[in-house]
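Please keep the sequence and the 3D view open while reading.

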Amino acid sequence: MPVRVAIAEDSVILRDGLVQLLLDRGFEITAAVADARALKEAIGRERPDVVVVDIRMPPTFTDEGLRAAIELRRQHQGLAILMFSQYIETRYAEELLGDDAAGIGYLLKDRVADVSQFVEALMRVASGGTALDPEVVTQLMGASRHRDSISLLTTREREVLTLMAEGRTNTAIADSLCVSEGAVEKHVTNIFSKFDLPVSQSDHRRVLAVLRYLDT
Amino acid sequence: MQFEIGRAYGGLPPPEESGWPHSRDHQYSLCLICEDRPGEEFRALPWLAGRSRRPTPRAPARMVITWGSEPNSRIEEIARTIIETPFTRRTWSELLFLLTGIPIAFLGFAFIGVTLTAGVVLAITFIGLAIIAIAVRGARGIGGIQRRLAAALLNEAIEEPRAFSPRPGYLGWLQSALRDRTGWKAMAYVAIKVPLSIVAFFTAFSVWWDAFRNLTYPFWGIANHGGLAEWGVIQVLFHPGYLSPWNSGPIVGLATVITGVVFFFIAPWPVRFFDYLDRLLMRTLLAPDAMTVRIRNLERARAQTVDASAATLRRIERDLHDSTQAQLVALAMRLGMAKEKLADPDHLDIDQVANLVNDAHKGAKEAIVELRDIARGIHPPALDVGLEGALATLAARSTIPTELIATIDERPSPAIEAIAYFCVAELMANVAQHAFASRATVSCSQQGRWLRLVVRDDGIGGARAVSTGSTSSGLSGLSERVRTVDGNFEVTSPPRGPTVVTVDLPLRA
């Protein structure tokens, strides 16, 4: 059964492109709308598996998409949401993640250029996982007060940290770095011990733990 | 009749050229159009035209004018004015101003007198200086009250002087207060206001008093002979008994009432005269000095410039975000899809890939055009070769046949060139969109240290530079932009045209 997607994006070119791309990849599109209000109506009519929302939409062109997403999460328990934006604002990421990173994604629009990775991220979010843009991690690391602990990380550990924060499983991280799963597990354990955090088994819980740590 | 005036424009157009109604003296024309009676123009009465100052872009574009039909002759006009004046609101508020001024002047004088005297006497001690400082601060307060009264009753808007901003600490306050020019000037005002009030009371007000006395003579004259005090300029000058209430008899009574009627129509004018003196005094002593006004204007202009550049950046960001970025993301997405399809040769559908590449190619070309338009909006590349060349490009690109006359000897500074360019670009866009013109002329000439731009079209006219509340038309946006460099922006655009927009810019900003 195909994954059902609703899209809210005000740029016609991009919206059409996304629809074309997702249909091509075997998704089902339940709605493709241009603003937050239309999105809420569409979801009220038919609940999709995952919603792709542009953060900046009419009428104020600030963060209506984010507001709509938070509201939708409250109304529809467990609705997966992929925020889609030209910029990464870590504040938005935090607001969206709240206490639950399950079924949440936040990606730069540029990421659609790598179609497979984008589709993979969307699938991950749709099935209750997490997909954060590497940019979120980079920004948080840059602004973090825990520079000392970050500087203790090896290059490989940083790569693992970024991929982990994106929401990937150990298997996926191992694939993408061309190492064994055991090696990844070791890196993850190292990172958590350097950050002085308890190791968590659930993928999206450890995302939250890492983000919270970097942000405080 | 009172109309809400939707449009007011003025200038010094030669009547034969402009073809729209003008006042008799040709010195200055003010043309008014009622919003609820479009198509009808009302020529400004000479008295209105004479009194109005040439509207600068600063003048409010909306005004309410109490309108009477135009009199046929000068005598009729004067007679009408005399008859109407006692019944106007203005007359009574002027009288009220005169009367309220008296207690204020006396109380103020008493306050300043007491504090200043005490201060001078005690000047040897520290307390004396403090008391003088209090006198200066008090005088400033009295000045404020007078300004508010003048605004409310005389419609005389005197700008607020710079606010009192004492230096920190008690000593700082004392020093600032003692050196407060505004306060000392207000003190001088109160000192002059006292004798002025006394004279005004016994001359101007006494005419009103006599008018009242004589008009009400039949009522109180019978009941209580000579019950009222005998004072006032009329009584002093014409004391003889023919006006005196105790010379009773019907003819005398009638004469008294008639005199009262005459006084009634004369009375507003002495009051107006003394209020006029007071206005002059307030303008001199209670208004901020020229430097303060200049600084205030500069501050306003600076704030506008800062806001305008922030708005420009926001607009550019929005343009980039909405068009180019979205276009490029879509482009990357299509190419990404094509790339992945090509990477899988087993299920290759060459038509599908060709479509994707086609769309991507089209998108790339659109992005280039959009990017070029945005770049041109930031800084027109044509300006690099000079204003004349840039204007020639503008004129050539216009959809309306446009003639360009440009004579610039000295190149203006880049900022001025940019403002001039954007003004002409915006004005020509207006001509193309709204004027229904068949041809347009752009002239650009150097006049001393000024650059004068004139954009003229033969369209339907009726252009307006109205800024009501937060919304502002393109014209008022331009006017604001021109004002930031102390330039001048003038629109004459009567219905049926022609529209002439004149922009004066300093060569160097």
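Is the crossing of α8(A) and α11(A) left-handed or right-handed? The model is a predicted one, and in it the crossing of these two helices is left-handed.

- Chain A is built with 11 helices and six strands, and 44% of its 216 residues count as buried.
- Chain B has 16 helices and 11 strands, and of its 509 residues 28% count as buried.
- When the contacts in chain A between residues at least 6 apart in sequence are considered, 65% of them join residues at least 24 apart.
- In chain B, 69% of the contacts with a separation of 6 or more are accounted for by residues 24 or more positions apart.
- Where the chains meet, 14 residues of chain B are in contact with 15 residues of chain A; the side of chain B that touches chain A comprises six nonpolar, four polar and four charged residues.

**Helix α8 of chain A and its two helical partners**

- Two packed helices are described by the angle between their axes and the distance between the axes.
- α8(A) packs with α11(A) at an angle of about 120 degrees, the axes being 8 Å apart, and that angle makes α8(A) oblique to α11(A).
- In this contact, L161(A), M164(A) and A165(A) of α8(A) meet R206(A), V207(A), V210(A) and L211(A) of α11(A); by class, these residues divide into six nonpolar, no polar and one charged.
- With helix α10 (residues 181–194) of chain A, the axis of α8(A) comes within 9 Å and crosses at roughly 90 degrees, which makes α8(A) roughly perpendicular to α10(A).

**The buried side of helix α6 in chain A**

- Helix α6 of chain A spans residues 134–143, and its buried residues are V136(A), V137(A) and L140(A).
- These three residues lie on the same side of α6(A), because they cover an arc of only 95 degrees around the axis.
- As background, an α-helix has 3.6 residues a turn, so residues three or four places apart point the same way.
- The elements against which the buried residues of α6(A) pack are α4 (90–97), β5 (104–108), β6 (130–132), α8 (155–166) and α11 (203–215) of chain A.

**A helix pair in chain B**

- Helix α15 (residues 414–435) and helix α16 (residues 474–483) of chain B pack with their axes 11 Å apart and at an angle of about 165 degrees, and α15(B) and α16(B) are therefore roughly antiparallel to each other.
- The crossing in which α15(B) passes α16(B) is left-handed.
- I419(B), C423(B), E426(B) and N430(B) come from α15(B), and they meet G474(B), L478(B), R481(B) and V482(B) in α16(B); the residues of this contact divide into four nonpolar, two polar and two charged.

**Backbone geometry to check in the view**

- Most residues other than glycine have a negative phi, and most peptide bonds are trans.
- The peptide bond from P58(A) to P59(A) is cis, with omega near 5 degrees, and P59(A) is placed in the loop between β3 (50–54) and α3 (64–75) of chain A.
- C178(A), a residue other than glycine, has a positive phi near 55 degrees; its place is in the loop between α9 (170–177) and α10 of chain A.
- C178(A) counts as exposed, because it has 6 C-beta neighbours inside 10 Å.
- F436(B) is not a glycine either, yet its phi is positive at about 50 degrees, and F436(B) lies in the loop between α15 and β6 (440–447) of chain B.
- With 14 C-beta neighbours inside 10 Å, F436(B) counts as partly exposed.

Key: Residues numbered from 1 in each chain as written. Chains lettered and ligands numbered in written order. Predicted model: local features only at pLDDT ≥ 70, side-chain atom pairs only at ≥ 80, totals over all residues. Buried ≥ 20, exposed ≤ 12 C-beta atoms within 10 Å, placed from the backbone. Helix = DSSP H or I, 4+ residues; strand = E, 2+ residues; numbered from the N terminus. Arc of directions from axis to C-beta. Contact = placed C-beta atoms within 7 Å. Axes fitted to C-alpha atoms, helices over the stretch in contact; angles between N-to-C directions. Parallel < 35°, antiparallel > 145°, perpendicular 65-115°, else oblique. Left-handed = near helix turned anticlockwise from the far one by under 90°. Nonpolar A, V, L, I, M, F, W, Y, C, P; charged D, E, K, R; others polar.
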